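Please look at the structure below before reading on.

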Amino acid sequence: MNAADRVPAATAEEALRHFAARLSFETDVSDVAARLAEETPGIVVVDTRSAESWAQGHVRGAVHLPTAEIAERAAALVPEGAAVVVYCWGPGCNGAQKAALEFAKLGRPVKEMLGGFEYWAREGYPVEAGGGAVTRRSPDPLTAPVNGVSCAC
């Protein structure tokens, strides 16, 4: 028996529940970028990092709302009924999950952007700095195709 078979795969029914649930809690940078490009109302991307991190660079069009301030300031910054997508630094940080929990406590629909700011920048999406300058990096070939559609999954 090889390592992949030591734990049997879930049944189709279990997998359906699990993966459907994950997709209701998580989204990825490619899907967020596509939604922002549509320029349709109804989504608010929230950067939950510190002021210093925000100034260094953030998702273009995001709202800056550190996790510790969500309970106090969310009503003023995030319209009622908007789909909230939160992010923090990257996959090694659980700050987005903490922020998502705070929005959920307020009764808001919320998803976490997997990969956070790290993968947003690494995949070459627009990054805005504190002074308003917008830059785009070349995609990191380990995270996204250098040419063509980022993910297309």
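Five strands make an open sheet with parallel pairing, in the order β1-β6-β5-β2-β4. Strands (E, at least two residues) and helices (H or I, at least four residues) are DSSP runs, numbered from the N terminus. Two strands pair if DSSP finds at least two bridges between them. The model is predicted: local features need pLDDT of at least 70, side-chain atom pairs count only at pLDDT 80 or more, and totals for chains, interfaces and linings use all residues. Residues are numbered from 1 along each chain as its sequence is written, and side-chain values use heavy atoms, with hydrogens and water left out.

- β1 (26-28) and β4 (63-64) are the edge strands, each pairing on one side only.
- β2 (residues 43-47) runs parallel to β4 and is joined to β4 by 2 bridges, with Val46 opposite Val63.
- β2 also pairs with β5 in the parallel sense, over 5 bridges, and there Val45 stands opposite Val85.

- Helix α2 (residues 29-37) lies across β1, β2, β5 (83-87) and β6 (110-114), at about 75 degrees to β1.
- Helix α5 (residues 95-105) lies across β2, β5 and β6, and runs at about 155 degrees to β5.
- Angles run from 0 to 180 degrees between N-to-C directions of axes fitted to C-alpha atoms, for helices over the stretch in contact (heavy atoms within 4.5 Å).
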